Every structure is written in C-alpha cells, then in structure tokens.
2 protein chains.
Amino acid sequence: MLGLDQLFPAKESGNTKRRILEAAIDLFSLNGYSAVSVREITKQVGIKESAMYNHFKTKDDILDSIYRLFTSMSEGNGLPDEAQLKAILEHTDLETFLKQGFEIYKRTIENPLLVKIWRILNIEQYRDPRARDIILTYIYKGTIDFLEAAFALLQEQRKMNDEYSPKVLAIEYQYPIFSMMTEYLLLTFDGKETDELEDRVRSHIQYFTKYVKN
Amino acid sequence: MLGLDQLFPAKESGNTKRRILEAAIDLFSLNGYSAVSVREITKQVGIKESAMYNHFKTKDDILDSIYRLFTSMSEGNGLPDEAQLKAILEHTDLETFLKQGFEIYKRTIENPLLVKIWRILNIEQYRDPRARDIILTYIYKGTIDFLEAAFALLQEQRKMNDEYSPKVLAIEYQYPIFSMMTEYLLLTFDGKETDELEDRVRSHIQYFTKYVKN
DNA sequence: GTCTATAAACAGATAGAC
DNA sequence: GTCTATCTGTTTATAGAC
C-alpha cells in the first residue's frame with residue numbers, strides 16, 4: 001500500500017510540507033477541521049503561520065491534500081483484481097477467504113495515519129461533499145463491489161449457496177463490519193480495549209460462514 | 001415519545017429559547033458546532049447576539065441543551081420494559097416482532113429533529129466526550145441490550161434457535177442496521193432516494209429470520 | 001523558505017440603555 | 001427580554017525583509 005513515505009519522503013531535506021500534513025491530520029482527527037487553526041498546526045510543526053502558505057495555498061488546501069492522500073492510499077491498496085481474485089478463490093474456501101480478508105483489514109487499521117484520516121472523513125462527511133463522496137465511493141461501494149464479485153465466484157464454484165444474491169450476501173457480511181469499524185474508531189479514541197470487538201468479528205465470520213457455505 | 005413541543009412549548013409567548021435551539025440544531029447538523037457562530041444562529045432567529053445570552057449561558061450551553069433534548073427524547077422513547085416485552089412476545093413470532101420494530105424505527109427517523117441531532121452526535125463524537133457517551137450508551141448499548149433481552153425470551157419460547165447466544169444474534173441483527181442508518185443519514189443529507197435502503201432492511205430481516213427462527 | 005509585521009474580518013461574550 | 005455599542009482575542013491570509 002502507498003503511504004506517506006512514498007508521497008512525501010521523510011528523509012529529504014524539504015520535508016516541512018510533510019510535517020505540516022502530519023500535524024494537520026493529527027489535529028483534524030481530534031477536533032475536526034473547523035475547530036483547528038493554522039496557528040495550532042504550525043505551532044506543532046515549529047514554524048510560523050506565514051511559512052505554511054509556502055507549502056499550501058490555503059487551509060482548505062491542506063484538507064484537500066489529506067483527502068488526496070487517502071484516495072491514493074486506497075487506490076494502491078492492493079485489492080486483487082477480477083483475474084487475481086479468481087486465481088485465489090480456486091484453492092480457497094469461504095471461511096479461509098474471509099479470515100484472510102480480516103487479517104488484511106486488521107493490518108490496515110493498525111496504520112494510525114489511515115485511522116486518523118478515517119476519523120476526519122467521519123467528522124467532515126456532512127459539511128464537506130468531498131468527504132461524503134470518498135466514504136460512499138471508496139469505503140461503502142468499493143468494499144461491497146469487491147465482496148459481491150468474490151461471492152459470485154464462490155457461488156459459481158459451489159462453495160457458497162445461491163439462495164441469496166451475491167449483493168445481499170455482501171451486505172450481510174460487510175455491514176456489521178462497518179459498524180464494528182465505527183465502534184473501533186470510537187473505542188481507540190479513548191484508548192479503550194478492542195479485544196472484545198475483535199472477537200465479535202470472528203464470531204460474525206463464523207456465524208456468516210455457517211449459514212451460507214455449501 | 002417526548003418532543004420539542006413538550007419541553008419547549010411553541011404556543012407560549014416566550015418561545016425565543018426554543019427558536020434558538022431549533023436554529024442551532026439546523027445549523028450544527030449542517031456544519032458542525034465549531035463552524036457555526038452565535039451570529040449565524042441569532043441571525044436565523046432574527047435577534048441580536050446579545051439577546052441569545054438571556055436564554056443560554058454560553059454557546060456550549062446550547063449544544064448541551066441539544067444533548068439533553070436527545071436523551072430526554074430517548075428515555076421517553078416508549079421501548080417496552082421486560083414485562084411488557086414478555087407480554088408482546090407471547091403472541092408474536094420473530095419475523096412479526098422484527099417487522100414491527102422496523103416500522104417503529106422508520107417512524108422515528110421520519111422525525112427531522114431527531115435525525116438532525118443524530119447527525120450532530122456523529123459530527124461531534126470525537127471532539128466531544130458527551131456525544132461519544134450518548135452514542136455508546138443510548139444508541140449502541142441501549143439497542144443491543146433490548147434486542148438481547150427479546151431474543152433470550154424468544155429462545156425460551158423456542159421461537160428462535162439457540163445455537164448462538166442472544167448477544168451474538170442481537171449483534172448480527174442490529175449491526176447491519178446501524179450501518180444502514182449511517183448511510184441513511186448521508187443519503188438524506190443530499191436529498192437522495194432511500195427506497196433501495198429500505199428494501200435492504202427488509203431483505204436483511206428476511207435473511208436473518210430464515211436462518212435463526214425455529 | 002522562514003521570519004516579522006500587519007491587515008481585515010470574525011469570534012464569544014459583556015455593559016448598560018430602554 | 002431586546003437592543004446598541006463595545007471589548008478582547010482569534011481567525012485566515014498577505015507583504016516584504018532576510
């Protein structure tokens with residue numbers, strides 16, 4: 001997966017832009033865009049406000065860069081395409097496929113940068129159409145489309161029963177996980193334990209598998 | 001259910017407080033607390049900023065009143081208690097119970113005031129521990145506890161199979177609906193159609209019922 | 001690319017007349 | 001309970017020296 005390191009090298013001398021972006025992500029994810037001032041961001045970086053404007057046109061331009069960072073990371077997220085998916089599913093059963101998917105998901109949400117941007121998207125989704133669009137397209141639609149394709153293949157291979165459409169199954173599988181993700185964002189915000197939540201995901205995979213596998 | 005009318009009578013002469021609250025709910029739900037100024041709120045009401053301070057101590061006091069309004073409404077939401085639940089479930093099967101629950105839920109989210117406050121809670125949940133607490137307590141925990149009690153009774157009555165605990169079943173039933181609720185808040189924000197979403201809830205009820213009823 | 005200085009608008013909140 | 005007037009600090013952003 002693409003990350004901040006690829007897009008904004010830390011090692012190079014001119015890394016102020018990157019440091020501004022990191023500080024902004026930190027602060028926006030805590031208090032939201034509107035409640036954070038350019039002062040606070042540049043103070044955290046250790047530069048004056050005016051210096052920020054050498055790197056970003058406006059305060060909104062910082063937010064826009066955060067959005068673009070998220071979409072770049074999502075597009076390079078390494079989700080298998082149709083052909084790769086077919087190859088994988090040839091020798092994988094439903095439960096293994098879902099468990100592997102969860103492990104990948106877990107590694108994703110262990111990336112603090114990504115989790116912070118997720119929080120920002122959640123905070124800004126009503127105020128900002130750009131955030132709304134990213135959530136509906138990259139998070140909701142992207143995930144459901146992928147699962148729908150996978151389940152359609154698994155039905156073809158008779159590894160899953162076809163009483164329900166791949167879409168209904170994708171929703172039944174993924175929507176509880178979306179809610180758990182939301183809960184995860186809230187719990188980790190207060191530094192609370194998420195072990196029980198992880199167990200719930202495993203329960204859910206087991207429950208789902210039990211009823212729909214052939 | 002308790003509403004604004006009970007808590008802040010519209011008919012009485014001194015209804016400025018109520019009008020401030022309504023304007024604030026409108027604006028906060030669109031842009032979030034931090035991005036809305038007292039100026040904007042009072043302009044919408046048609047009074048000067050200083051007049052606001054005769055009704056609320058600070059800007060934050062308005063937000064706090066909104067939270068208190070929500071919890072009052074939730075506490076008077078008419079969810080049946082243990083005894084009432086038992087009486088209802090004596091002569092109701094699982095599918096009917098869930099369908100009736102959905103109809104009540106639908107009427108709830110047709111209340112624009114409640115939907116706006118829900119959005120405010122979503123926006124403020126990271127910045128504001130009060131919002132976080134309301135979401136975890138009133139929305140997540142409250143709903144799951146209620147369903148868990150109901151499913152436990154249905155299992156006792158042998159109307160539901162007991163391969164899974166009432167808690168797992170409550171989560172499997174409710175968590176997809178939480179996600180759909182979130183999607184609903186986003187779609188209605190842009191005035192988009194929610195019919196497909198409603199179908200999804202029906203599909204979900206049908207899917208869930210098929211696998212767990214006895 | 002960073003700094004100091006400053007602009008111009010806006011923020012939340014208060015005092016006191018009516 | 002609403003108004004006008006005002007206070008004090010903060011906001012985003014720019015100009016120009018180094």
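In this predicted model, α10(B) provides the largest share of the lining of the largest cavity, namely six residues. That cavity has a volume of about 500 Å³, and 26 residues line it, with Asn122(A), Thr182(A), Asn122(B), Tyr140(B) and Thr182(B) lying nearest its centre. At least two lining residues each come from α8 (112–124), α9 (129–156) and α10 (166–189) of chain A and from α8 (112–124), α9 (129–156) and α10 (166–189) of chain B. By class, the lining of the largest cavity comprises 18 nonpolar and eight polar residues, with no charged residue.

Among the 15 residues that line the second largest cavity, Ile123(A), Glu124(A), Asn31(B), Gly32(B) and Ile123(B) are the closest to its centre, while α8 of chain A and α8 of chain B each supply at least two of the lining residues. Its lining divides into five nonpolar, six polar and four charged residues.

| Protein atom | Atom of DNA strand C | Distance |
|---|---|---|
| Ser50(A), polar side-chain atom | base oxygen | 2.8 Å |
| Ser37(B), polar side-chain atom | phosphate oxygen | 3.1 Å |
| Val38(B), backbone N or O atom | phosphate oxygen | 2.8 Å |

Two or more residues of the surface near DNA strand C are given by α4 (49–52) of chain A and by α3 (38–45) and α4 (49–52) of chain B.

Note on methods
Residues numbered from 1 in each chain as written. Chains lettered and ligands numbered in written order. Predicted model: local features only at pLDDT ≥ 70, side-chain atom pairs only at ≥ 80, totals over all residues. Heavy atoms only, no water. Polar contact = N/O pair within 3.5 Å; in protein donor to acceptor, adjacent residues only side chain to side chain. Helix = DSSP H or I, 4+ residues; strand = E, 2+ residues; numbered from the N terminus. 1 Å grid on protein atoms, 1.4 Å probe; cavity = no way out; pocket = protein on both sides within 12 Å on 5 of 7 lines; lining within 4 Å. Points joined across faces, edges and corners; volume = space filled by probe spheres on them. Nonpolar A, V, L, I, M, F, W, Y, C, P; charged D, E, K, R; others polar.
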